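Please open the model in your viewer and keep the sequence panel beside it. The stops below tell you what to select next and what you will find there.

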Amino acid sequence: MLLHDYHPQSQLVTPASLPDRPRFHAIDAHNHLGADFGGGWDQKPLPELLDLLDQAGIVKYIDLDGGWGEDLLNAHLDHFKAPAPERFQVFGGVDWSQWPERGSAFPEWAAARLRLQKARGAQGLKIWKGLGLTVRDPQGALADVDDPRLLPIWETAGELGLPVLIHVADPVAFFDPLDAANERWEELLGHPDWAFTSPPFPPFLHIISGLANLVARHPHTAFIGAHVGCYAENLAWVGALLDRCPNFYVDIAARLGELGRQPYTARRFFLQYADRILFGSDFGPQPQAYRLLYRFLETEDEYFRYDPDPLPHQGRWHIYGLGLPDDVLEKVYFRNAARILNPG
Ligand SMILES: [Zn+2]
C-alpha cells in the first residue's frame, strides 16, 4: 500500500457533536460570492443563497469579491446588497495592473477609485496576497507590502472609514522547499501555483514584517489581517502585533486546521483578544463548513476532522474544540464585526 492510500480511522470513543447553527447569530466577515472563490452566486437566484445562510445562522455575509471594475462591483451590489441590504456588505479592491501604466500618479488614482467605490456602496477594501508576491511598480520591481509610495491608498481608506481586509503571504510552508519535510506537501502537489518557495519569492518573514509596518504606520485605518493575521502558525507574533496596534484585527477564515491543532494556545489567544477576532469561513455559503467552525469554537470535542472533505486539504492532522465561553462567542460571532465593519 502506498502512504497516499493509507487513511487510518480513529477509534477513540469521546463525546461528539455537530451544531447546525451557532449559539448566537453570526456575521461572516470573510467570504466570497464570485466565480473564483465563492461558487458564482452572482449568477444564481438570491433566495437560494438566503436560505443557505438562514440554515447556517448567518445574519450578515461579507462578500469580498466586489473587485475594482465598475461592472463587477456594481453587479455584486445590485445582485446582493440592493435586494437584501441588511444581509450583505460588498468590499472593493485596488487594480494593481494600472500601476506600471499610470506611474507616479497611480497611488492617488487608486485612492480616488476608493472614493468612487464607497460612493457606490462598497463597505470595505479587500487586498489580496498579490501585494508582496507579484505586484510590480513601474520600474518592474516587486513592491513591498509597506511600500511608502502607496500611502494615499491606506490613508484614504482610513479617512473614508473603509476597513481594509488584507491577506498577505500564505501558509509558512508554502515558502519552504517542496520536499519531504514540507507539512503542506500534498496540498502543494495539487496546487503547484500556491508554492512561493523563497527564493525566488521573498521570504515569508519579509512579507509579514511589511504587514506589521503597514498597520503601525496608519493608526487611523482599521486593518483586518485575514486568516488569523496572515500568520496562524505563530499566534504569539499575531498577539504582539495586536498589542502594539489597536487598529489591527484578525479573522479566522480558512485556518481551522491551524488553530485547532494548537488548542491550548488558540484558546488563550481567543480569551486574550476576544475583542479583536472576527468570525469568517472563506468556503462560500457552505453549511457543512460553518458547522465545523461552530464545533471548533463551541464544543470540547476532541480529535476531529477540520475539513468537510474526507481528505483534509491543509495537512493530515485533526483538531480539538476550544469550548469558548458565551461572552467570547458573542464577540467573535457578531459583536466585533458589527462594531468594526460599521464604523459610521
Ligand atoms: Zn478569502
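**Stop one: the zinc ion**

Select the zinc ion together with His30 (NE2), His32 (NE2) and Asp282 (OD), which are its protein donors and lie 2.1 to 2.2 Å from it. Donors here are N, O and S atoms within 2.8 Å of the metal (3.2 Å for Na, K and Ca), and water is not among the atoms, so sites may look incomplete. Along the sequence, the donor residues follow the spacing H-x1-H-x249-D. Because His30 belongs to strand 1 (residues 26–31) while Asp282 sits in the loop between strand 8 (277–278) and helix 12 (287–298), the pair ties together parts that are 252 residues apart in sequence. Helices (H or I, at least four residues) and strands (E, at least two) are DSSP runs, numbered from the N terminus.

Before moving on, remember that this is a predicted model, in which local features need pLDDT of at least 70 and side-chain atom pairs count only at pLDDT 80 or more, whereas totals for chains, interfaces and linings use all residues. Residues are numbered from 1 along each chain as its sequence is written, and side-chain values use heavy atoms, with hydrogens and water left out.

**Stop two: backbone angles**

Stay on Asp282, which has a positive phi of about 80° although it is not a glycine. Then select Tyr303, in the loop between helix 12 and helix 13 (326–340), where phi is near 50°, again a positive value in a residue other than glycine. Tyr303 counts as partly exposed, at 34% relative accessibility.

Next, go to Pro199, in the loop between helix 6 (185–190) and helix 7 (204–217). A cis peptide bond with omega about -10° joins Ser198 to Pro199, and the bond from Pro199 to Pro200 is cis as well, with omega near 15°.

**Stop three: the nonpolar core**

Finally, select Phe88, Trp96, Ile153, Trp154, Phe270 and Phe279, the residues with the most contacts inside the largest nonpolar core, which has 101 residues. Such a core is a set of buried Ala, Val, Leu, Ile, Met, Phe, Trp, Tyr and Cys residues joined through side-chain atoms within 4.5 Å. Leaving aside residues up to four places away in sequence, Phe88 touches several residues, including Leu33, Leu46, Tyr61 and Phe80, where contact means heavy atoms within 4.5 Å.

Key
Buried < 20%, exposed > 50% of the residue type's maximum accessible area, 1.4 Å probe, protein only.
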